[in-house]
Amino acid sequence: AFAQNQNLKIISKPIDFSPERINLSLEYLKDHHGLNQKIPTIVPKMIVLHYTAGGTVESNFKYFNKTRLESARNTLQKQSLLNVSSQYIIDRDGSIYQLMEPNMFARHTIGLNYCAIGIENIGSKKQPLTQAQVKANADLIRFLSKKYAIEYLIGHSEYGAFRNSKLWKESDPKYFTVKEDPGAGFMQKVRLEVADLKLKEKP
């Protein structure tokens with residue numbers, strides 16, 4: 001497993017971290033997580049797996065690359081103009097793309113963004129995630145766990161379990177959306193691959 005990690009191929013595909021994105025991220029950290037920071041960094045304690053609900057790496061990259069949220073996403077927009085994004089995207093063939101430094105702030109999981117690294121996977125309910133993605137997620141989780149003090153590994157659909165925990169930082173108690181990604185089957189497979197890391201799934 002060690003040798004594998006040395007040559008983990010991560011393709012750099014940075015989204016635009018414009019001054020506006022930095023400001024919106026700092027605002028989000030302050031308004032939602034109660035954190036006053038000078039730079040939008042996070043201290044990663046958790047990895048959250050998602051799926052993109054369709055599209056390609058390119059289309060999702062273009063979407064995340066916009067600084068502001070599209071107006072269609074009303075619930076989210078009321079909370080902040082900052083667009084959603086994640087630190088990584090994994091393609092269906094298992095290629096790993098890094099959109100930003102893993103310790104930079106991204107908006108992907110309500111209440112937990114300040115301590116969570118997001119991994120988006122290209123796929124949806126109709127287009128189930130692949131075995132190559134299972135392996136790539138496991139390799140990336142292993143790599144990130146060596147770099148940071150990661151304690152938790154969850155699927156986006158499981159984040160509600162943290163609502164009453166110390167880790168939850170969300171100033172608006174009504175701000176919560178029900179998610180089903182990336183699917184229980186996928187989480188089970190990834191967890192089996194990294195079982196030795198003993199990452200927790202709830203607080």
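Guide: Here is a close look at one helix, a histidine on another helix, and a glycine elsewhere. Keep in mind that this is a predicted model. Let's begin with helix H3, which runs over residues 57–65. Its buried residues are Val57, Asn60, Phe61, Tyr63 and Phe64. They sit on the same side of H3, because the arc they cover around the axis is only 160°. And what does that buried set pack against? Its partners are H2, strand E3 (88–90), strand E4 (96–98) and strand E5 (116–121).

H2 is worth a stop of its own. That helix spans residues 19–33, and histidine 33 belongs to it. With a relative accessibility of 4%, histidine 33 falls under the 20% cut-off, so it counts as buried. Leaving aside residues up to four places away in sequence, histidine 33 touches Tyr28, Phe105, Gly111, Leu112, Asn113, Tyr114 and Lys169. With lysine 169 there's a polar detail too: a polar atom of the histidine 33 side chain lies 2.6 Å from the backbone oxygen of lysine 169.

Now for the glycine. Glycine 185 is found in helix H6, which covers residues 184–193. Its relative accessible area is 40%, so glycine 185 is partly exposed.

Methods:
Residues numbered from 1 in each chain as written. Predicted model: local features only at pLDDT ≥ 70, side-chain atom pairs only at ≥ 80, totals over all residues. Heavy atoms only, no water. Helix = DSSP H or I, 4+ residues; strand = E, 2+ residues; numbered from the N terminus. Buried < 20%, exposed > 50% of the residue type's maximum accessible area, 1.4 Å probe, protein only. Polar contact = N/O pair within 3.5 Å; in protein donor to acceptor, adjacent residues only side chain to side chain. Contact = heavy atoms within 4.5 Å. Arc of directions from axis to C-beta.
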